[in-house]
Amino acid sequence: MTISLRPGSTVMFTGDSITDCGRPATEHGLGSGYPLRIAGEWGLRHPERAVTWLNSAVPGDKVRDLEARWQADVLDARPDVVSVLVGINDVGWHTIAPEGHVIPVEDFAAGYGRLLSSWPDRVPAGNR
């Protein structure tokens with residue numbers, strides 16, 4: 001898959017702690033994980049194509065949590081590209097937290113499907 005980023009594009013990373021990676025404690029708001037690495041590599045390789053990089057991930061989030069904040073934290077930012085990495089808390093939370101519960105695969109798939117199907121038509125098909 002090829003993603004087209006023109007100068008002035010906005011890229012949003014969202015998901016759980018794997019994406020958050022301490023973002024609130026960082027000056028740039030990207031955390032110290034893969035979003036920062038991608039933004040840094042882009043800047044080194046394409047200094048002539050400035051891109052805005054955002055990260056709205058929340059540690060501990062499950063798909064249903066991301067759904068609840070999808071409009072305000074993702075769609076309202078009007079990004080051109082969104083990277084979603086969420087799911088480990090959906091499948092693993094019940095194994096480490098006594099108050100956790102199993103999220104049926106059907107619920108996970110349906111929630112993820114709703115997120116992706118809500119993506120605006122203004123985004124080029126190659127970037128969905």
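How many aromatic pairs does the structure hold? The count is four. Keep in mind that this is a predicted model. The briefing starts with the sheet and its middle strand, then turns to the helices, the aromatic rings and the nonpolar cores.

**The sheet**

- Three strands make up an open sheet, in the order β2-β1-β3, and they pair in parallel.
- β2 (52-55) and β3 (81-85) sit at the edges with a single partner strand each, so one side of each has no neighbour in the sheet.
- From one strand to the next, the twist averages 15°.
- β1 (residues 10-15) and β2 are joined in the parallel sense over four bridges, while β1 and β3 pair, again in the parallel sense, over five bridges.
- M12 shows both pairings: its bridge partner in β2 is L54, and its bridge partner in β3 is V82.
- V11 has a bridge partner in β2 too, namely W53.

**Strand β1 under cover**

- How much of β1 is buried? Six of its six residues are, so to speak, under wraps: they count as buried.
- That goes for both faces, with T10, M12 and T14 buried on one side and V11, F13 and G15 buried on the other.
- Take T10, which is found in strand β1: its relative accessible area is 13%, and since buried means under 20%, T10 is buried.
- Leaving out residues up to four places away in sequence, T10 touches T52, L54, P79, D80 and V81.

- Helix α3 lies across β1 and β3, and runs at about 160° to β1.

- Which residues of α3 (residues 63-73) are buried? They are V63, L66, R69 and W70.
- Looking down the axis of α3, you find these buried residues within an arc of 155°, so they line one face of the helix.
- The background is simple: an α-helix has 3.6 residues a turn, so residues three or four places apart point the same way.

**Aromatic rings**

- A pair of aromatic rings is described by the distance of the centres and the angle of the planes.
- F13 and Y34 have ring centres 5.7 Å apart and planes at 85°, so this pair is edge-to-face.
- F13 belongs to strand β1 and Y34 to helix α2, so the pair ties together parts 21 residues apart in sequence.
- With F13 in strand β1 and W53 in strand β2, the pair ties together parts that are 40 residues apart in sequence.
- Both F13 and W53 are buried.
- F13, Y34, W42 and W53 form one aromatic cluster.

**Nonpolar cores**

- The largest nonpolar core has eleven residues: M12, V63, L66, W70, V74, L75, V82, V84, V86, L115 and W119.
- α3 and β3 each supply at least two residues of this core, and the largest share, three residues, comes from α3.
- Apart from this core lies another one of nine residues, among them V11, A39, W42 and V51.

**V63 and helix α5**

- What does V63 touch, residues up to four places away in sequence not counted? Its contacts are V86, D90, F108, G111, Y112 and L115.
- G113 has its place in helix α5 (residues 105-117), and at 34% relative accessibility G113 counts as partly exposed.
- The C-alpha atoms of G113 and V63 are 10.0 Å apart, though the two residues are separated by 50 residues along the chain.

Notes
Residues numbered from 1 in each chain as written. Predicted model: local features only at pLDDT ≥ 70, side-chain atom pairs only at ≥ 80, totals over all residues. Heavy atoms only, no water. Buried < 20%, exposed > 50% of the residue type's maximum accessible area, 1.4 Å probe, protein only. Arc of directions from axis to C-beta. Pairing = 2+ DSSP bridges. Axes fitted to C-alpha atoms, helices over the stretch in contact; angles between N-to-C directions. Contact = heavy atoms within 4.5 Å. Phe/Tyr/Trp six-rings, centres within 6.5 Å; stacked < 30°, edge-to-face > 60°. Core = buried A, V, L, I, M, F, W, Y, C linked by side-chain atoms within 4.5 Å.
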